[in-house]
Amino acid sequence: MNADSVIHVRYALQRGEFALEVDFDLPLRGISGVFGASGAGKTSLLRCIAGLERPATGKLVVAGDVWQDDVSNTWRAVHERDIGYVFQEPRLFAHLDVRGNIEYGLRRREHNGAPDIDHIISLLGIEQLLGRKPNELSGGEAQRVAIARALLCAPRFVLMDEPLASLDQARKEEILPFLDRLHAEAEVPIIYVSHNIDEVCRLCDHLVVMDIGRVVADGDVQSVLVRMDLPILAGEEASSVIHGTAISHDDNDDLTRLKFSGGDIWVPGKPKPQGSKVRLRIRAGDVSLSRTRAEQSTILNIVPAVVESIQPDQGASALVRLEIGTDQIVARVTRRSIRELALQQGDEVFAQIKSVAVRAP
């Protein structure tokens, strides 16, 4: 990546027995996910980037602009780092209404050129909330207000530290469509911390995987998710992400045909108009394999594939990485099935995809 289009992050931090040691680049566009189990160092990493961990040593360079460097004794203070920060809890000012809270962001960054407040309000669907106080908001509403405030700081990028972690599933489902819109329409890059693979697959373009204070994988979300050597990406939540285009809709059966590099996939409903780009998430457990194409099956999506690699998984299962066109997906099957089908690297098979989650990229 070009130095002018990345955030270069290199940090070392010792906290008791925990040690953070990272060195990687993030693109200054889209949503970059930082994924890992609790205790992996995700929040510590964000605090270092924000300048909240003064003991941390290292270097932070944003589009060629040095914000921190121990060698040259450069240190940009927290208030001088053009960053918006969204915490797990909204942290709104109780004495201000919603409008007052989001306008606080404008006051902090007037020198950067204020973003369009009406656009941000519309983007996050908070028009009807402007006169309310924080104690009159649901958890999802309050978090949307916190995101609006962070965006209106006119930051170089926004840090989001598990912004949905404190919400129940209903409130998560309420706020996720607004994060989708943010991804599609906002120009501000976001670094999004999560331990939820569903959120990562849905929202992120680039992915950093952390484990015990180290980066164990880093790259575009499609290539990282099909890594089978990382236990945190295996197990029941193993998934793949591919991109497709809406081609047509069958009104009789309410199915939409999507085109991707490996052929066609049918999905229920009409997620997007014809010609729209969509993101497809395919869980490994929703993919089965066959040596021959099934002629009579309830599974609509059967596409030719090539076995790229096989990796033992938990218990009786194994993960099989498949090449389908220019894309890769992962299937979870039993080790017995692999043995009985005599599957090996390079074999041509048919991938039977039972279910596909779809969203606009």
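Let's start with Glu 21, which sits in strand β2, a stretch covering residues 18-27. Keep in mind that this is a predicted model.

Who does Glu 21 touch? Leaving aside residues up to four places away in sequence, Glu 21 is in contact with Tyr 11, Ala 12, Gly 213 and Arg 214. As for Val 226, it lies 205 residues from Glu 21 along the sequence, and the two C-alpha atoms are 25 Å apart in space.

Now zoom out to the sheet. Strand β2 belongs to an open sheet of five strands, lined up as β2-β1-β4-β5-β6 with antiparallel pairing. At the edges you'll find β2 and β6, each of which pairs on one side only. Further in, β1 and β4 run antiparallel and are joined by six bridges. Across that pairing, Arg 10 stands opposite Lys 59 in β4.

Here are some of the strands with their residue ranges:

| Strand | Residues |
|---|---|
| β1 | residues 6-15 |
| β2 | residues 18-27 |
| β4 | residues 57-62 |
| β6 | residues 74-75 |

Finally, there's helix α4, made of the 13 residues 139-151. At 1.5 Å a residue the helix should span 18 Å, and its end C-alpha atoms are 19 Å apart, so the two agree. How many of the residues of α4 are buried? The count is 12 of 13, which leaves the helix mostly covered. Among the buried ones are Gly 140, Glu 141, Arg 144, Ile 147 and Leu 151.

Conventions. Residues numbered from 1 in each chain as written. Predicted model: local features only at pLDDT ≥ 70, side-chain atom pairs only at ≥ 80, totals over all residues. Heavy atoms only, no water. Helix = DSSP H or I, 4+ residues; strand = E, 2+ residues; numbered from the N terminus. Contact = heavy atoms within 4.5 Å. Pairing = 2+ DSSP bridges. Expected span 1.5 Å × (residues − 1). Buried < 20%, exposed > 50% of the residue type's maximum accessible area, 1.4 Å probe, protein only.
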